[in-house]
2 protein chains.
Amino acid sequence: MTARLMNGKAVARTVRDEVAADVSTLVASGRPAPGLATVLVGDDPASEVYVRNKRRQCVEAGMADLHRHLPADITQSALKSVLDELATDPAVSGILLQLPVPKHLDTAALLARIPASKDVDGLTVANAGLLARGRVGLVPCTPGGVMRLLDEYDVALSGADAVVVGRSELVGRPMAQLLLQRDATVTQCHSRTKDLVAVCRRADVIVVAAGVPGIIGGDAVMPGATVIDVGIHRTPDGLIGDVRFDEVKSVAGLLTPVPGGVGPMTIAMLLANTVAAARALDERSVGA
Amino acid sequence: MTARLMNGKAVARTVRDEVAADVSTLVASGRPAPGLATVLVGDDPASEVYVRNKRRQCVEAGMADLHRHLPADITQSALKSVLDELATDPAVSGILLQLPVPKHLDTAALLARIPASKDVDGLTVANAGLLARGRVGLVPCTPGGVMRLLDEYDVALSGADAVVVGRSELVGRPMAQLLLQRDATVTQCHSRTKDLVAVCRRADVIVVAAGVPGIIGGDAVMPGATVIDVGIHRTPDGLIGDVRFDEVKSVAGLLTPVPGGVGPMTIAMLLANTVAAARALDERSVGA
């Protein structure tokens, strides 16, 4: 068996097209275009590249780019003031604080200034709480993107045995919650798991977000299973994931490549969250 | 093999004694006694019994009983005002809104008025978010009590295969989070799980909170496993749990009885949360 590859680039394009159509509808109805405020502190080159891509795709979807670039030595209180201003600015639908911020700043306290309704990265404790309680909130972009990929390829989740490898706050944990909401029987594995291969081999769906290059091989995959690789690692031979691609490709039924699988979905889901936040804000102001 | 029974009554007594000692220490240092505000709306007889027990144990531990009994026809806004007053009252360390409230009231909106720092039932979205993010908050009493029982009986959790049967917001979901924090490999099962017996039989630790009388029998338990029964059901033959006690007793290594297992732990953990909330409040006011 050779796995069918899940084309994240194509699905991300579909999501971006949907977002652009939603933005057009909003604007046609006389509402302002949704605005994304990306907040970049300092001059880390990798962060600059990430933020530039987010801003570009935001503009391509017809949304307003409300970028703020702040000096690396900004004080906690000055940065808080910027976030507070964005929080109350009606032109700002979504706020994204690009992480990591410089070490002298308190990330958790800064994230706490972002209202849950504008938290398009799904990073706040408030949105984590809503997710844990099975309520509607803004979902972190990477796990949200994985769910969209699974749906696009009609992967059955209700009653399926799903395994999430990794328990990070921003991917592994919310990923498990999202699979649970869709009625999968979810097992969360991590570095202390005794027999990772045995646990994974029982799964219909495996999402690997361990941050360990090639941790999952063909021996850990049930024939025909769906395998989603969230990992991305730069090596002398190019980008690789947490999955040993060639091995797993010959066992799995569906598999995401790296690159071109989960990666492209993340920014697309950020855009989808931003337009969703704008719509919700709009409904509240109409209701008020 | 015959399972050793886990004595919830005795462990709850230990917890209550610890709380009483903590309260004495606080008072001896010149601080006011912690105060628990139980809020009872209407005259449901079962709720009255629950609240009476909580108040009694609160007083026995040396804490102040700040009970509020409100009429069944109270308006949402009047009840909100009561909660807001308790939220700012420095004599109130913990607030417990006894659920369910009458149907004309919006439970989620009411719970949102309780500050996370006084949410001794661990019911708020804010505390669910802290738990989901692996941070320190006030933990719902029943899952907190299960963790204490496991620790009291030295059940190894790191790397253990743990299964939680049930995914309620107040027991199943936080239970899985707490086991994960202790490095167990956690599988969450529910009504859509395909083969519950097979999943449970792989587990070193099973926590059953399905709300279905006798759903787990001896065939679902690995010899020597630890089985915690959160269920409690009134039948013509007396109280029974979610576990078929006689069957499981002959297979498991450790087992909670019903009654006398998890049940007594719940109020004990409420008291422990209240003194923890008082201490945290105290530290913040000293720090300010």
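## Model and domain organisation

Domain bounds are taken here from an automatic or database domain assignment. On that basis, chain A comprises domain 1, spanning 32-115, and domain 2, spanning 141-261. Between the C-alpha centres of domain 1 of chain A and domain 2 of chain A the separation is 30 Å.

The structure is a predicted model. Its scores are ipTM 0.93 and pTM 0.95. For chain A the average pLDDT is 96, and 99% of the residues score at least 70.

## Asp242 of chain A

Asp242(A) is located in the loop that runs between β11 (238-240) and α9 (245-249) of chain A. This residue is buried but forms no salt bridge. Arg244(A) provides the nearest side chain of opposite charge, at a distance of 11 Å. A salt bridge requires a side-chain nitrogen of Lys or Arg within 4 Å of a carboxyl oxygen of Asp or Glu, and the 11 Å to Arg244(A) is the value to set against that cut-off.

Which polar partners does the side chain of Asp242(A) have? One is the side chain of His233(A), with a polar contact of 2.6 Å. Another is the backbone nitrogen of Val212(A), reached by the Asp242(A) side chain at 3.2 Å.

## Thr193 of chain B

In chain B, Thr193(B) occupies the loop between β7 (185-189) and α8 (196-201). Is Thr193(B) buried or exposed? Buried means under 20% relative accessible area; Thr193(B) is therefore buried, because its relative accessible area is 10%.

The side chain of Thr193(B) makes a polar contact of 2.8 Å with the side chain of Thr185(A), a link between chain B and chain A. With neighbours within four places in sequence set aside, Thr193(B) is in contact with Thr185(A) and Val199(B).

## Helix α7 of chain B

Helix α7 of chain B covers residues 172-181 and is mostly covered, with nine of its ten residues buried. The buried residues begin with Gly172(B), Arg173(B), Pro174(B), Met175(B) and Ala176(B), and continue with Gln177(B), Leu178(B), Leu179(B) and Leu180(B). After α7(B) comes Asp183(B), which has a positive phi near 70°.

Notes
Residues numbered from 1 in each chain as written. Chains lettered and ligands numbered in written order. Predicted model: local features only at pLDDT ≥ 70, side-chain atom pairs only at ≥ 80, totals over all residues. Heavy atoms only, no water. Helix = DSSP H or I, 4+ residues; strand = E, 2+ residues; numbered from the N terminus. Buried < 20%, exposed > 50% of the residue type's maximum accessible area, 1.4 Å probe, protein only. Lys, Arg positive; Asp, Glu negative; His and termini not counted. Polar contact = N/O pair within 3.5 Å; in protein donor to acceptor, adjacent residues only side chain to side chain. pLDDT = per-residue confidence, 0-100. Contact = heavy atoms within 4.5 Å.
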